[in-house]
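Let's take a walk through this protein together, starting with the whole chain and ending with a few single residues. Please keep the view open as you read.

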Amino acid sequence: MTRHILTPPIRLRSQAKLYYSRDGRFIEPDTPCCQDSESPSLNDCLSSTPPQLNKLTDFLTRFRYGNYALTTDIGKAFLQIGLDEKDHDFTRFFWLTDPINPMSGLETYIFRVILFEMTCSPFILNATLLKHLSTVKSTTAEILNRDLYVDNVLTSVNTEEAALNFFEESRKHMTNVRFNLRTWKSNSNQLSDLATKANVLHKNSDTKIL
């Protein structure tokens, strides 16, 4: 039986988007993912250690201090973290060779990155980011560490120069480990111009905070 490595979600020829569920099956959105009440799912077998997240009240308050607000998030954050090769088989599943033909043969797929919605994924993402930021000695890294929540960054600074510096340095720090800070939004016109040129400006006129 053929063995494949999968990173992005699969799309059927009908363009219906499918998601890999935490019990090891592909499901459509809003479909229950438990096979039955007696069978353990993948999440039942994983540690559910909570991530060490910054306190929401603290950094939402800090977000209001500065003259210039900045928001951004990490694109496809979980998919940037690789699974140890010895753990690949724990994510193994069967899939049809022809998704629109239920009678077609089966192929074996595995994930080689962190699965979205695994109970341990937020902890792994958080630990990975904190480990990386701890190796970078800069004011920008300290701000990222302080004002990061899961894959979102919300912060503020007092000058436009500081806003531009944070934009450049934070993107450099995160790109070094293949994390892409995207969907930037700020009341700094100069930062908005830079983000537009880099194709990372948030397209919506209204910005949701978290």
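Here is a tour of the fold, its helix packing and some individual residues.

A word on the ground rules comes first. This is a predicted model, in which local features need pLDDT of at least 70 and side-chain atom pairs count only at pLDDT 80 or more, while totals for chains, interfaces and linings use all residues. Residues are numbered from 1 along each chain as its sequence is written, and side-chain values use heavy atoms, with hydrogens and water left out.

Let's begin with the overall plan. The protein chain has 5 helices and 9 strands; here helices (H or I, at least four residues) and strands (E, at least two) are DSSP runs, numbered from the N terminus. Read from the N terminus, the order of the elements is β-β-β-α-β-β-β-α-α-β-β-α-β-α. Of the 210 residues in the chain, 38% are buried. On this scale, buried means under 20% relative accessible area, exposed means over 50%, and partly exposed lies in between (1.4 Å probe, protein chains only). The accessible surface of the chain is about 13,000 Å², and carbon and sulfur atoms contribute 50% of it; such areas come from the Shrake-Rupley method with a 1.4 Å probe, and for residues only the protein chains shown count as cover. Among contacts (heavy atoms within 4.5 Å) with a separation of 6 or more, 66% join residues 24 or more positions apart.

Now find helix α4, residues 160-175, and follow its packing against helix α5, residues 189-197. The two axes come within 9 Å and cross at roughly 25°. Axes here are lines fitted to C-alpha atoms, for helices over the stretch in contact, and angles run from 0 to 180 degrees between N-to-C directions. On the α4 side, Glu-160, Ala-163, Leu-164, Phe-167 and Glu-168 take part, and they meet Asn-189, Gln-190, Leu-191, Leu-194 and Ala-195 of α5. This contact is made up of 6 nonpolar, 2 polar and 2 charged residues. For that tally, Ala, Val, Leu, Ile, Met, Phe, Trp, Tyr, Cys and Pro count as nonpolar, Asp, Glu, Lys and Arg as charged, and the others, Gly among them, as polar.

Helix α4 has another partner in helix α3, residues 139-146: their axes lie 9 Å apart at an angle of about 80°. That makes α3 roughly perpendicular to α4. Here Thr-140, Ala-141, Ile-143 and Leu-144 of α3 meet Asn-165, Phe-166, Glu-169, Ser-170, His-173 and Met-174 of α4. The residues of this contact divide into 5 nonpolar, 4 polar and 1 charged.

While you are at α4, look for Arg-171, which lies in this helix. Its relative accessibility is 21%, so Arg-171 counts as partly exposed. Beyond its neighbours within four places in sequence, Arg-171 is in contact with Phe-166, Leu-181, Trp-184, Ala-198 and Val-200. Arg-171 and Ile-74 are 97 residues apart in sequence, yet 10.0 Å separates their C-alpha atoms.

Asp-151 sits in the loop between β7 (148-149) and β8 (152-157). With 18% relative accessibility, Asp-151 counts as buried. Its C-alpha is 8.3 Å from that of Leu-125, 26 residues away along the chain.

Thr-183, in strand β9 (residues 181-186), has a positive phi near 40°. Thr-183 is partly exposed, at 27% relative accessible area. Asn-199, in the segment after α5, also has a positive phi, of about 60°, and this residue is exposed, at 60%.

Finally, compare two sites elsewhere. Phe-93, in strand β5 (residues 93-96), is buried at 5% relative accessibility. Cys-45, in the loop between β3 (26-27) and α1 (56-62), is exposed at 60%.

Note on methods. Parallel < 35°, antiparallel > 145°, perpendicular 65-115°, else oblique.
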